[in-house]
Amino acid sequence: MLYGDAMRLPIQSLYKVRRWLLARLGLRTRGVKVMVFNAAGELLLVRNSYGTTHHHLLPGGGIRPWFETPASAAAREVREEVGIAVERLTFVATFHSRAEGKRDVVHLFTAFTEDRPTAASFEIEEARFFPLDSLPETISPATRRRVEEYRGERAAEGVW
């Protein structure tokens, strides 16, 4: 981890407090996820330093209120989390989620990069590319559904 194990406890604690507040207040959040591919067709997955840290996920995060578009948030989140620039950012679909006790809208994008990812943020434990036919067993259920939809193995249901 880039910022050391000393940050793990405060980050986990703040994450739990944020989840609790969002669930109790019933606030709606807006976020993005990005399926970033490299020239070999491999998919970028990350592991966070908070929450369910063993799951591999798509990079992404929140959309800043009032002034940020989903597309600009997608490019920003990838750059902040894994230190890479994306090209050909393309909107895929919007999903709704009630995971973690909150009402969430998630905008999914695909993108491509020639850059190598790094854990560029204290939020990211690991960032690397995986072949689509050799994804880690620890991929999150929602990420697995997005990959299956991308590959045409299942229809999108609109639920994250």
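Helices (H or I, at least four residues) and strands (E, at least two) are DSSP runs, numbered from the N terminus. This is a predicted model, in which local features need pLDDT of at least 70, side-chain atom pairs count only at pLDDT 80 or more, and totals for chains, interfaces and linings use all residues. Residues are numbered from 1 along each chain as its sequence is written, and side-chain values use heavy atoms, with hydrogens and water left out.

**View 1. The protein chain has three helices and six strands.** Starting at the N terminus, the order of the elements is α-β-β-β-α-β-β-β-α. Buried residues (under 20% relative accessible area; exposed means over 50% and partly exposed in between, with a 1.4 Å probe and protein chains only) make up 42% of the 160 residues of the protein chain. Its accessible surface (Shrake-Rupley method, 1.4 Å probe; for residues, only the protein chains shown count as cover) is about 8900 Å², and carbon and sulfur atoms hold 54% of that. Contact means heavy atoms within 4.5 Å. Among the contacts in the protein chain with a separation of 6 or more, 66% join residues 24 or more positions apart.

**View 2. Helix α1 covers residues 8–25.** The predictor's confidence in each residue is given as pLDDT, from 0 to 100. Helix α1 has the lowest mean pLDDT among the elements of the protein chain, 61, while α2 has the highest, 97. The average for the protein chain is 87, and 80% of the residues score at least 70. Where pLDDT is low, the predicted coordinates should not be read in detail.

**View 3. Strand β1 holds F37.** The strand covers residues 28–37. F37 is buried, because its relative accessible area is 2%. Setting aside neighbours within four places in sequence, F37 is in contact with E42, L43, T110, A111, F112, T113, F129, L132 and Y150. The C-alpha atoms of F37 and P131 are 9.5 Å apart, although the two residues are separated by 94 residues in sequence.

**View 4. Helix α2 covers residues 70–82.** The expected span of a helix is 1.5 Å times one less than its number of residues. For the 13 residues of α2 this gives 18 Å, which agrees with the 18 Å between its end C-alpha atoms. A73, A74, R76, E77, V78, E81 and V82 are the buried residues of α2. E77 counts as buried because its relative accessible area is 8%. Not counting residues up to four places away in sequence, E77 touches V32, G60, G61 and G62.

**View 5. A85 lies in the loop between α2 and β4.** Strand β4 covers residues 87–97. A85 has a relative accessibility of 47% and therefore counts as partly exposed. Its contacts include F112, T113 and D115, with residues up to four places away in sequence not counted. A85 and A111 are 26 residues apart in sequence, and their C-alpha atoms are 9.5 Å apart in space.

**View 6. Helix α3 covers residues 141–150.** Within α3, the residues A142, T143, R146, V147 and E149 are buried. Seen down the axis of α3, these buried residues fall within an arc of 160° (taken from the directions from the helix axis to the C-beta atoms), so they line one face of the helix. G152 follows α3 and has a positive phi, near 75°.
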